[in-house]
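This briefing sets out selected features of the structure shown below.

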Amino acid sequence: MPLKYKNQESCPAIIKRVLQERGWLEADEADPQAWNLIWRSGKFKPSEYALADASFSVPGKGSQSSSTPPSHARSRKRPPQHRRPAQNQPPTPGSGSNRTKVAPKPAGNVGTRRVNHFPKSGSITRKDHLLRNMRKMASAYRQLYGYMPETYMLPAEYLQLVRAYADQQPSMEDEKKIWICKPADSSRGRGIFLVREVSDIYYDQPMVVQEYLERPLLIGGYKSDLRIYVLVTSVHPLEVHVFRNGLVRFGTHKYGQGLENLFSHLTNSSINKYSEEYGVNKNIIGEGCKWDLGQLRAWLEDAHRRTVEGMPETGSSPPASPNVFFDYETLWKRIEEIVILTLLVLVQNLDRPCKGSFELFGFDVLIDADGKPWLIEVNSSPALGIDCAVDRRVKDALIREVFNVLKFREACGTPGDGAPRTDQSSASEAFPLGADQLGGLEFRPPKSFAASFVESTVDEAMANVAASACEIEGRSARPVEDEQAGDSAAAAGGYTYVTDDDDDDDDDEGGRPPDAPVT
């Protein structure tokens with residue numbers, strides 16, 4: 001029986017194309033329940049979530065049977081004196097003290113249903129909600145949550161922002177901090193502006209004001225950041241698949257120009273595609289405003305080799321001395337930690353399994369000139385439009401891998417649900433690229449969805465991430481043995497950071513890395 005998807009206006013064209021290639025059919029609008037997938041950019045109704053979850057409650061479709069409603073669907077028991085059954089008659093389903101509220105059963109044998117968002121995913125995808133929840137996590141796991149720039153919510157924290165501005169003691173006007181202002185619930189760079197003076201901030205909606213990272217990684221003199229694609233297939237337990245071939249996005253004007261020049265300071269392709277420099281063959285990065293992560297890795301390795309051998313730089317911004325950040329795998333492990341720690345916010349906010357949900361997130365990560373990754377924001381519906389060859393290369397493989405991982409029961413023997421992969425567009429394929437696209441560097445295609453994490457509890461996940469972070473930073477992890485180490489360190493799976501040359505009694509900062517800001 002062919003699988004069916006609901007045709008939504010906000011469903012990206014690439015999703016429809018890949019589904020049709022796999023034998024899916026468009027659902028009949030006359031039968032509102034005859035669907036297996038809804039993919040949209042907006043939110044879902046509670047009834048749609050319930051219908052998707054119910055498809056996993058049918059015998060043979062999940063651990064719960066239809067006779068045992070999920071815990072979130074149960075209602076309080078009614079007193080036994082209400083609607084007692086007649087004497088010598090067995091109680092009827094839904095009567096007496098055993099009355100419960102059962103999620104609706106799917107109509108017909110339609111198989112698995114899924115929707116492409118989790119309830120409460122706005123806890124990490126809306127900018128002000130992300131900040132609020134990250135602060136809560138930092139209060140308990142302080143030493144692990146130092147990867148977001150200093151940020152304030154407006155209008156609620158306007159006075160705190162003014163105090164932070166007043167605490168600056170710059171000797172010159174251009175040494176004042178730059179602040180980047182963003183609408184709390186917006187995307188694609190809309191409504192963003194940069195200021196040095198707090199008096200220049202204006203807003204007519206909830207905003208976040210974030211310290212602007214003024215020393216980003218520059219490639220060819222252009223600012224860059226990363227778009228990392230992350231597929232979450234389960235929250236309880238947390239199951240995360242990190243797609244290793246994401247995007248590197250560039251500004252299209254040389255970095256360091258005036259604050260009003262958004263082509264210099266913003267990397268959103270939705271803005272830079274309107275730049276007059278978009279189609280120009282720019283230094284190192286070439287035409288357009290995107291690379292894939294394979295090109296970034298090749299450039300980093302070449303920059304590291306040139307640094308070690310004392311060769312002149314080719315428009316790069318790395319420091320003159322060798323730095324661990326040039327090890328791409330180390331950088332990637334740090335990014336994976338950011339992903340997992342951020343998703344634990346969702347775990348804390350979502351109190352039920354939601355087996356009928358999955359979500360593809362877009363993590364925006366900025367690498368600074370010292371090689372430290374910073375989380376800028378998380379997108380719930382990352383753009384899947386095809387604007388250039390890099391988009392086609394990355395996003396085609398991304399969407400095919402998403403459906404391979406989801407394991408829908410496929411029609412016509414097409415790939416998926418454990419069937420052998422027959423398409424040739426996997427992200428691990430070596431795509432033919434010209435030397436002009438790579439600056440003459442060797443291309444190494446990254447693996448796809450190579451990292452999968454399944455943690456049963458937040459504390460277990462925290463312990464594992466803490467141990468991994470210690471290993472990456474050349475530190476050791478030890479159990480917290482005294483109260484002076486701080487409750488926040490104990491909460492992180494009972495581990496704290498300890499450098500090899502630290503004195504055992506030096507716990508004033510709870511083992512926090514010296515350069516990690518406390519938000």
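In the classification of lining residues, Ala, Val, Leu, Ile, Met, Phe, Trp, Tyr, Cys and Pro count as nonpolar, Asp, Glu, Lys and Arg as charged, and the others, Gly among them, as polar. On that basis, the lining of the largest pocket divides into 15 nonpolar, 18 polar and 16 charged residues. The model is predicted: local features need pLDDT of at least 70 and side-chain atom pairs count only at pLDDT 80 or more, while totals for chains, interfaces and linings use all residues. Residues are numbered from 1 along each chain as its sequence is written, and side-chain values use heavy atoms, with hydrogens and water left out.

**Pocket and cavities**

- On a 1 Å grid over the protein atoms alone, a cavity is a set of points where a 1.4 Å probe fits but cannot get out; a pocket is an open set with protein on both sides within 12 Å along at least five of seven lines; lining residues have an atom within 4 Å of a point.
- Grid points are joined across faces, edges and corners, and a volume is the space filled by probe spheres set on the points.
- The largest pocket holds about 1,300 Å³ of space; among its 49 lining residues, Ser187, Asn379, Ser380, Ser381 and Pro382 lie nearest its centre.
- Strand β14 supplies the largest share of this pocket lining, 3 residues; helices (H or I, at least four residues) and strands (E, at least two) are DSSP runs, numbered from the N terminus.
- There are 5 cavities of 30 Å³ or more, and the largest cavity contains about 290 Å³.
- Of the 26 residues lining the largest cavity, Ile180, Lys182, Asp225, Leu266 and Ile376 are the closest to its centre.
- β6 gives the most to that cavity lining, with 3 residues, and the lining as a whole comprises 9 nonpolar, 7 polar and 10 charged residues.

**Tyrosine 147**

- Tyrosine 147 occupies the loop between α4 (127-140) and β5 (151-154).
- Tyrosine 147 is buried, at 5% relative accessible area; buried means under 20%, exposed over 50% and partly exposed in between, with a 1.4 Å probe and protein chains only.
- Beyond four places in sequence, its contacts (heavy atoms within 4.5 Å) include Met134, Ile338, Pro373 and Trp374.
- The side chains of tyrosine 147 and threonine 342 make a polar contact at 2.9 Å; such a contact is a pair of N or O atoms within 3.5 Å, where within protein one must be able to donate a hydrogen and the other to accept it, and residues adjacent in sequence count only if both atoms are side-chain atoms.

**Aromatic pairs**

- The structure holds 11 aromatic pairs; rings of Phe, Tyr and Trp (its six-membered ring) pair if their centres lie within 6.5 Å, with planes under 30 degrees apart counted as stacked, over 60 as edge-to-face and the rest as tilted.
- Phenylalanine 44 and tyrosine 49 form an edge-to-face pair, 5.8 Å centre to centre with 65° between the planes, and both residues are buried.
- One aromatic cluster consists of Trp24, Trp39, Phe358, Phe403 and Phe408.

**Backbone geometry**

- Leucine 154 and proline 155 are joined by a cis peptide bond with omega of about 10°.
- Histidine 236 and proline 237 are likewise joined by a cis peptide bond, with omega of about 0°.
- Isoleucine 284, not a glycine, has a positive phi of about 70°; it is buried, with a relative accessible area of 18%.
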